[in-house]
Amino acid sequence: MLARAQIWWTVFTMCVAERLAYRGDFVLGTTMRFLPMITQIFLWTAVFASSSNGTMVGFTRNDIVAYYLLTMVARAFSSMPGLASGIAGQIRNGEIKKFLIQPIDLIGFSLLARMGHKLVYYGVALGPFALVFYLCRDYFPGWPPAEYMAAFLLSLVLSFLLGFFLEASLGLAGFWTLEISSLLFVYMLFNFFFSGHMFPLEILPEPWRTWVGWLPLKYLAYFPAAVFLEKIPPEQLWQEMALMGAWTLFFMLLSRRLMHAGFRRYSGYGG
Amino acid sequence: MHRPNYLAVFWMFARNSLIRDMTFRTNYIIEVIFGVSWALMNLGFYTLIYRLMYADGDGHANIAGWSQYQFFVFIATTILVNSLVEGFFMANAEELSELTRTGGLDFALLKPIDTQFLLSLQRVNWSAVPKLILALALLAYSIPRIDGLTLSAIQFLLYPLYIVLGTLILYSVMIGLAATSIWLGRNQSLYDFWFYITNFSRYPMEIYEGTFGSPLRFVFTYMIPILVVINVPAATLAKPLSATNWPLAAFAVFATVASLAVSRWIFQRALMSYRSASS
Amino acid sequence: MSVIEIHGLRKSYRVYQKKEGLLASFSGLFHREYREVNAVKGIDLTVDKGEFVAFLGPNGAGKTTTLKLLSGVITPTAGEARVLGYVPWERENDYRRRFALVMGQKNQLWWDLPAQESFQLHQKIYGIEPTAFKQTKDELVDLLGVAKLLGQPVRELSLGERMKMELIAALLHSPEVLFLDEPTIGLDVVAQHNIQKFLKHYQQVRGITILLTSHYMKDVAALCKRVVIIAGGEIVHDGSLEGVIDRFSDYKILTVDFADDRMPSDLARFGEVRELAPPRAKIEVDRNQIASVLTNVLANYSILDVSVEDPPLEEVIASLFALTEKQQRDSQDANIATTAANVAAAGKN
């Protein structure tokens, strides 16, 4: 067990180090993340300028801005750039073999690598995030009650895991199809529109609103933000949290199944 | 042997890319479908917003002076320019950092042909074509629905010209970014960076106003001229011609030439650094 | 007539000095240390038209860097070079149309397309006349026996088949100078042999100048009369392959078959005993003493058979590489010039 933990720790530190090695990349990427926010604020200011009563579907302009900022926090946890395509790429070029030989598990390795990347990211991004949130503090209605705050924090952790296992499952589909990029594009598209990344899901008319409510995607961006802004009624809060946990578990199990089936298929070919 | 005919070489790029796309037919079709649905969903989003604006009962809806169908022309222009950029340049810029990492760049440097030409155009992405058609269809749908707009022949002539200029500006930004990836060794976030920068161009420049908006508009119009890319052609077609627009229209021409020159310079510098830093 | 002339060619570059550990990585975000790597430390070389020269050397010796310098992919830190009268790193298109570079570990063909499409692209890029193109292509395809594979996507070809296609692509414009970087790496023996045969034939017929780097001594022995050994960014030997042995091995191998199974027990006094399988013994004998040892053995023992051989080439080169590497480690910081002379001298101690 100790030996195992040691392997994991090594992998983890290695990934952190690797991430830091490309520093130009890194600082650039982190700073850039805040740019779209600016256009969103301007766009919604222009939209609300045309509206006479200052609210739309229960959101004021300030609510919308706060919402976007919060989805950025959620996406800092749930987005997994390069994960699925990385796994699919490894499958395609045969690098995946090393997980057949070495005493280390593909998903475990990727999860640690991702945690390493994320932690480094938070380390650097914390400053800019804090600054932006401080500058934008007037857009926020204030801190939510403790229960909502707890749910918010928990939902962030879950959104990381959900995002990870969901994308890992997509990447592992690379065992079955040569070109995974289109599948990823589909995912990206749906994610962009139906995770709430682009707009609060309340804007959708029925029946879309209900349908999108059933998808797991909303937990990646919309849900944590909606919890913070108390847009989820108290009686539904923990029910939704449980649902989010269930989706996470589902994708965790799915990715494991896919990995084992994929390796069986892969070694069956003779590599 | 003699100098290569650049047009013939480009034709070969286009042809080979088509052969490649057709080998991965399913993939191509999926890419087309989702490229188009991406554009449609975007359109849907703005339709929703305009509907919400109408719903509040005061009977008018506009975003910074753009009525719904004017804004649709704006969106069509965005799709048009983006499909051109994606069709010709995007895949190549993405590949550039990959080439640097794998050393494939070495081969490009050996060829008796302009390296920037080779690296900018060797992949043509044919799946951008349907999006281009979609954009034209959206134009045809929206233009007649704009209240009180009569188009002159000049507008029809200027529009394609400014589309080309806009495409070239975006290309310059893109290849400039891609070239910096040679400097940085690897650049995963190139794609993000590109997205974030061009994100500013996807909205009418009039929304950038006020204490923060005005300087922003200034920077992205005159320093990194991406606000010119969509706004100038879209306004040419969606709004009546007006003498007040001419300075910006003239500037767009200058901006294109300047961007191309700067990006060329960055590209050459990046190659130089690759040549001296690599073993 | 010399085709390649190199004087004092040097290439150094900086690499980011990564430190061990997590904390160090963080500090790497803000402050970086670089290390100067001297890939090529002053090379002088002249190659005549029609020569087939092999570059040998351990990994990281500077072979590939030299080829890249000569093809103008990278710019040197100092020194001069002319290939076909051109300075490579000026990258004139006229020059680029007259040479080719093939790298065994990288491919330049479009991965997802049949090789013939890439060939056509080359025709356009190099501006090759259609008739000349067809003739050259058919000839090369015929020589390498890949006619049936032309229509198959490159990704579906075996490594050996792919290498043949890479060679065709590189030779379509009939280069006068060819740089080959590990062209047979990873290939099986048959494929290696085919490539060797082709290169030999092509070089003889066309009389082109070829510089080849390889790890496989077989490649070199089969193809090149002249061998340039590079170690630590410098040339340590330039001459024939046989010359390598004369110069860098200080012993010969004496094989003796004793009669009546009566082997002397003190064979070690003649030299290091490498193999003992009575009645046969293999002994490493110092070059200078071979005559006296031989006389001694013949005079004092009854012998069935005896032979004196040079040590295998691979062995000599391997020990030479090991030696230069060790020297480099020893003189890493001190600025000692590791010259060919002291490498050779150290080899004799």
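Predicted model: local features only at pLDDT ≥ 70, side-chain atom pairs only at ≥ 80, totals over all residues.
## Basis of the model

Local features need pLDDT of at least 70 and side-chain atom pairs count only at pLDDT 80 or more, while totals for chains, interfaces and linings use all residues. Residues are numbered from 1 along each chain as its sequence is written, and chains are lettered from A in the order in which they are written.

## Nonpolar cores

A nonpolar core is a set of buried Ala, Val, Leu, Ile, Met, Phe, Trp, Tyr and Cys residues joined through C-beta atoms within 7 Å; buried means that 20 or more other C-beta atoms, placed from the backbone, lie within 10 Å of the residue's own. The largest such core holds 223 residues, and B:Met174, C:Ala54 and C:Ile168 have the most contacts inside it. Helix H3 of chain B (residues 68-102) contributes the most, with 16 residues. Helices are DSSP runs of H or I with at least four residues, and strands are runs of E with at least two.

Apart from this core lies another, of 10 residues, including C:Phe258 and C:Ile283.

## Annotated spans of chain B

An unreviewed UniProt entry places the feature "transmembrane region" at several spans of chain B, among them 69-91 and 124-144; such annotations may be inferred rather than shown by experiment. Residues 69-91 of chain B are 100% helix, with end C-alpha atoms 32 Å apart. For residues 124-144 of chain B, the span is 67% helix and the ends lie 33 Å apart.

## A sheet in chain C

Six strands of chain C form an open sheet of mixed pairing, in the order E5-E6-E7-E3-E8-E9. Strands pair if DSSP finds at least two bridges between them. Strands E5 (99-103) and E9 (234-240) of chain C stand at the edges with a single partner strand each, so one side of each has no neighbour in the sheet.

Technical notes
Buried ≥ 20, exposed ≤ 12 C-beta atoms within 10 Å, placed from the backbone.
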